[in-house]
Amino acid sequence: MLLSATILMTSCDNDDHATDSRSPEFGTLTLTPSTVSPGDSVTASVSYNYPGKHIYSNVYNLTITGNTSEGTYTNTVSWKVVDPTKSTPTQKFAAPDTPGTYNVTFRASQINYSSGGPNGELYGSANSVSATLRVVNGK
């Protein structure tokens, strides 16, 4: 007696599983305005290439660094967002008091998955994005 069997194999992307988590992928960091006077308010907005999946919370960090006539400047603004895939990351901050060119870097840390992440991990990481801020006198 000859038996034949058909094996049906399917391929699934991890995004198809309801319990798989995935870290966000950030696209660009936009500073509005990108040229300011010392102490002016700046809004940093980040776009997503992919917002992530099944994420409970993120801690975001916005780091402003630059070399000025007064030395090295570094300032970090951190904030936590619950259910971060519902909106794009946005944060206001005050421009440095010293004129110069500054690098502003956004990153997500402590990405807390609401369900098991890749390889069962509970926390993930994501890429960082950067933009340039110019601080000038008399703007």
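Is phenylalanine 106 buried or exposed, and what is its relative accessible area? Phenylalanine 106 is buried, with a relative accessible area of 1%, where buried means under 20%, exposed over 50% and partly exposed in between, computed with a 1.4 Å probe on protein chains only.

1. Basis of the note. This is a predicted model, in which local features need pLDDT of at least 70 and side-chain atom pairs count only at pLDDT 80 or more, while totals for chains, interfaces and linings use all residues. Residues are numbered from 1 along each chain as its sequence is written, and side-chain values use heavy atoms, with hydrogens and water left out.

2. Overall make-up. The protein chain has 0 helices and 9 strands, these being DSSP runs numbered from the N terminus (helices are H or I with at least four residues, strands are E with at least two). Of its 139 residues, 36% count as buried. Among contacts (heavy atoms within 4.5 Å) between residues at least 6 apart in sequence, 72% join residues at least 24 apart.

3. The pair at phenylalanine 106. The search of the whole structure finds 7 aromatic pairs, a pair being rings of Phe, Tyr and Trp (its six-membered ring) with centres within 6.5 Å, counted as stacked when the planes are under 30 degrees apart, edge-to-face when over 60 and tilted for the rest. In one of them, the rings of phenylalanine 26 and phenylalanine 106 have centres 5.1 Å apart and planes at 85°, so this pair is edge-to-face. Because phenylalanine 26 lies in strand E1 (residues 25-32) and phenylalanine 106 in strand E7 (residues 100-113), the pair ties together parts that are 80 residues apart in sequence. Phenylalanine 26 is also buried, with a relative accessible area of 2%.

4. Tyrosine 60 and tryptophan 79 form a tilted pair, at 5.5 Å centre to centre and with 55° between the planes. This pair links strand E4 (residues 55-68), which holds tyrosine 60, to strand E5 (residues 71-82), which holds tryptophan 79, the two residues being 19 apart. Both tyrosine 60 and tryptophan 79 are buried. Phe26, Tyr48, Tyr60, Trp79 and Phe106 form one aromatic cluster.

5. The sheet containing E1. An open sheet is formed by 3 strands in the order E1-E3-E6, with antiparallel pairing; two strands pair if DSSP finds at least two bridges between them. E1 and strand E6 (90-94) stand at the edges with a single partner strand each, so one side of each is left without a neighbour in the sheet. E1 is joined to strand E3 (residues 41-50) by 6 bridges, and leucine 29 stands opposite valine 46 in E3.
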